[in-house]
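Take me through the core and the aromatic rings of this one, please. I'd like the picture in plain words, with cut-offs.

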Amino acid sequence: MESLIGSFMGGGREAEGQQVHDPLSGSLQGLCTSWKEPLVIPGPIIVGGGPSGLAVAACLRAKGIPSVVLERAHCIASLWQLKTYDRLRLHLPKKHCELPLTPFPSCFPTYPTKRQFVAYLEAYAREHGVRPRFNEAVVAAEYDEALGFWRVRTAATQGSPAEKREYLCRWLVAATGENAEAVAPELEGSADFGGPIVHTSSYKSGEAFRGKRVLVVGCGNSGMEVCLDLCNNAAKPTIVVRDSVHVLPREMLGLSTFGLAMWLLKWLPLRVVDALLLLLARLVLGNTAKFGLRRPRLGPLRLKALAGKTPVLDAGALALIKSQRIKVRPSGVKRLVKHGAEFADGAAEEFDAVILATGYRSNLPHWLKAKEVIEEKGGLGGGCKLGDKGLYALGFTKRGLLGVSLDASRIAGDIEECWKSQLEKIKVTSFTCSHAPSRRTPNFTK
């Protein structure tokens with residue numbers, strides 16, 4: 001393995017410096033067009049060009065380690081740029097959402113808009129020299145025991161669909177995250193419904209629904225914000241709240257709720273912090289159960305830790321629920337009919353459109369051939385380092401951008417240790433070969 005890595009790390013002094021800073025320079029530009037001709041990558045391959053992929057690539061580059069970022073879309077942060085609604089803002093204060101090495105601009109508001117966050121990510125990629133390979137989807141990644149390398153196979157998402165590439169790399173970072181694919185359940189009667197049925201990944205603004213009666217299925221942060229946006233555009237939303245949900249004010253006592261929780265956790269156990277958050281939420285918001293929003297038995301922080309279920313941080317929707325501008329349906333949809341929906345409790349109502357705020361899931365099981373590290377529901381267990389074969393995962397811990405930043409630094413640090421170890425082996429091998437005793441007998445008589 002050392003000789004294989006060495007041939008790409010140490011071959012050619014004139015290209016060495018350039019390749020460290022630009023992994024696609026020199027020999028790496030001559031990519032193969034067939035899976036029969038694999039290309040060896042000296043550093044890690046990072047799958048995903050969102051915040052997670054950018055963060056770990058930047059941390060690696062700061063340590064002088066080249067990487068290749070593969071992104072199936074035509075832009076960075078494709079979820080943010082292509083699949084989010086216009087009014088979206090960060091739910092947490094910007095200081096908790098910064099990527100490693102670069103803070104947000106001081107002129108940005110506490111809760112940056114979608115456009116501001118995308119601008120930050122684009123500037124981040126430029127500053128740290130991260131240039132993903134766009135329109136290249138990973139279709140399979142599997143560890144080759146004989147070589148000790150990962151085989152990563154890709155296919156073009158634009159242009160010629162037959163364009164395929166295969167890479168070999170010592171380290172693989174899965175950074176596609178938990179929100180790679182939209183979850184759009186098939187509701188009974190969908191074919192009979194006379195209006196549009198769209199997932200929030202296709203929703204941009206309530207302007208398209210002005211004056212319409214809209215059924216929103218899903219009561220997470222997206223569902224609540226879509227309802228708020230619909231109201232602001234003179235639509236008439238009804239939200240289905242089938243399960244219990246924690247609704248917390250975005251700010252408490254003049255601080256962000258998340259920041260307050262993090263501060264309290266430094267001094268108090270989690271169950272006590274949960275109790276304090278619920279007490280403050282009751283004082284600020286009142287009893288949400290009166291409006292059809294039952295709270296779970298577990299506290300918001302414990303529920304997040306155990307089940308990954310994020311509490312709703314209210315941005316104004318609750319006031320509209322209280323005033324009945326947003327209606328709440330406490331039971332699930334039984335079926336859709338031509339002009340509306342029937343609910344599990346026997347009620348029926350007319351609607352002009354349906355919006356599915358039913359979230360996203362990981363696509364990891366479709367391309368990562370490593371069953372031993374993939375949980376039944378498509379998530380990853382065991383933290384950011386998975387086993388001893390150079391596999392890492394980033395963006396799967398349900399800790400948001402703060403978790404991404406911390407894990408990106410850890411992953412880069414761990415790869416750096418392996419990288420230095422390999423370089424030392426190469427140096428020893430090179431020194432031994434170059435100082436081997438000559439077979440020619442020296443002439444001491446001269």
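Phe 104 has a relative accessibility of 6%, so it counts as buried (under 20% relative accessible area; exposed is over 50%, partly exposed in between, with a 1.4 Å probe and protein chains only). Phe 108 is buried too, at 14%. The two form a tilted aromatic pair, 6.2 Å centre to centre with 45 degrees between the planes. Rings of Phe, Tyr and Trp (its six-membered ring) pair if their centres lie within 6.5 Å; planes under 30 degrees apart are stacked, over 60 edge-to-face, and the rest tilted. Ring pairs also link both Phe residues with Trp 80, Phe 117, Tyr 120 and Tyr 124 into a cluster.

This is a predicted model, where local features need pLDDT of at least 70, side-chain atom pairs count only at pLDDT 80 or more, and totals for chains, interfaces and linings use all residues. Numbering starts from 1 along each chain as its sequence is written, and side-chain values use heavy atoms, leaving out hydrogens and water.

Now for the other tilted pair: Trp 171 and Trp 419, at 6.1 Å and 45 degrees. Trp 171 lies in the loop between strand 6 and strand 7 and Trp 419 in helix 12, so the pair ties together parts 248 residues apart in sequence. Helices (H or I, at least four residues) and strands (E, at least two) are DSSP runs, numbered from the N terminus.

What about helix 3? Of its 12 residues, 10 are buried, so the rest of the structure largely encloses it. Gly 64, with a positive phi near 80 degrees, follows helix 3.
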